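This note sets out, point by point, what may be read from the structure shown below.

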Amino acid sequence: TRKIVGSVNVYKRQCQARLALRNTGMRAIEARTQAELEAMLPEIDVLSLSGMWRNDIPARAPKLRFVQR
């Protein structure tokens, strides 16, 4: 299952609903802290965030294919 991480709960709910309608097999997960985000980095494919961005994220997220900031 591919994972999309967003930093806001409302975004997560909206994203999950849209993914379900399209039957993508992807799921949205949420990180509220920098520590939560860092723990998820090895598993995520898509990242949508703003305030938690750090320039070292791409190097630490080997599966990452798309970033929306």
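**Notes on the predicted model**

1. *Salt bridges.* The count of salt bridges in the protein comes to 4. The model is a predicted one, and the distances and accessibilities quoted in this note are computed from it. One of the salt bridges joins the side chains of Glu38 and Arg54, at 3.0 Å from N to O. Glu38 belongs to helix H2 (residues 34-40), whereas Arg54 sits in the loop between strand S3 (46-48) and helix H3 (57-60), so this pair ties together parts that are 16 residues apart in sequence. Glu38 is partly exposed, at a relative accessible area of 28%, and Arg54 is also partly exposed, at 39%.

2. Because Glu38 lies in helix H2 and Arg60 in helix H3, the pair ties together parts that are 22 residues apart in sequence. Arg60 has a relative accessible area of 31% and is therefore partly exposed.

3. Asp56 is partly exposed, with a relative accessible area of 30%. Through shared partners, salt bridges join Glu38, Arg54, Asp56 and Arg60 into one network.

4. *Overall architecture.* The secondary structure consists of 3 helices and 4 strands. Along the sequence these elements follow the pattern β-α-β-α-β-α-β. Of the 69 residues in the protein, 33% are buried. The accessible surface comes to about 4,500 Å², and carbon and sulfur atoms account for 50% of that surface. Among contacts between residues at least 6 apart in sequence, 33% join residues at least 24 apart.

5. *The nonpolar core.* Which residues make up the largest nonpolar core? This core has 12 residues in all: Ile29, Ala31, Leu37, Met40, Leu41, Ile44, Leu47, Leu49, Met52, Ile57, Ala61 and Leu64. In soluble globular proteins, nonpolar side chains tend to be buried together.

6. Ala28 is placed in strand S2 and counts as buried, at 6% relative accessibility. The C-alpha atoms of Ala28 and Ile44 are 9.8 Å apart, and the two residues are separated by 16 residues in sequence. Glu30 is likewise in strand S2. Is the charged residue Glu30 buried or exposed? At 17% relative accessibility, Glu30 counts as buried, since the cut-off for that class is under 20%. The side chain of Glu30 makes a polar contact of 2.8 Å with the side chain of Arg32.

7. *The loop between H1 and S2.* Asn23 lies in the loop between helix H1 (9-22) and strand S2 (27-30). Most residues other than glycine have a negative phi. Asn23 has a positive phi of about 50°, although this residue is not a glycine. Is Asn23 buried or exposed? Its relative accessibility is 68%, so Asn23 counts as exposed.

8. *The loop between H2 and S3.* Glu43 is found in the loop between H2 and S3. At 39% relative accessibility, Glu43 counts as partly exposed. The C-alpha atom of Glu43 is separated by 8.1 Å from that of Leu64, a residue 21 positions away along the chain. Leu64 is one of the residues of the largest nonpolar core.

Notes: Residues numbered from 1 in each chain as written. Predicted model: local features only at pLDDT ≥ 70, side-chain atom pairs only at ≥ 80, totals over all residues. Heavy atoms only, no water. Helix = DSSP H or I, 4+ residues; strand = E, 2+ residues; numbered from the N terminus. Buried < 20%, exposed > 50% of the residue type's maximum accessible area, 1.4 Å probe, protein only. Contact = heavy atoms within 4.5 Å. Areas by Shrake-Rupley, 256 points an atom, 1.4 Å probe, with all protein chains shown as cover. Polar contact = N/O pair within 3.5 Å; in protein donor to acceptor, adjacent residues only side chain to side chain. Core = buried A, V, L, I, M, F, W, Y, C linked by side-chain atoms within 4.5 Å.
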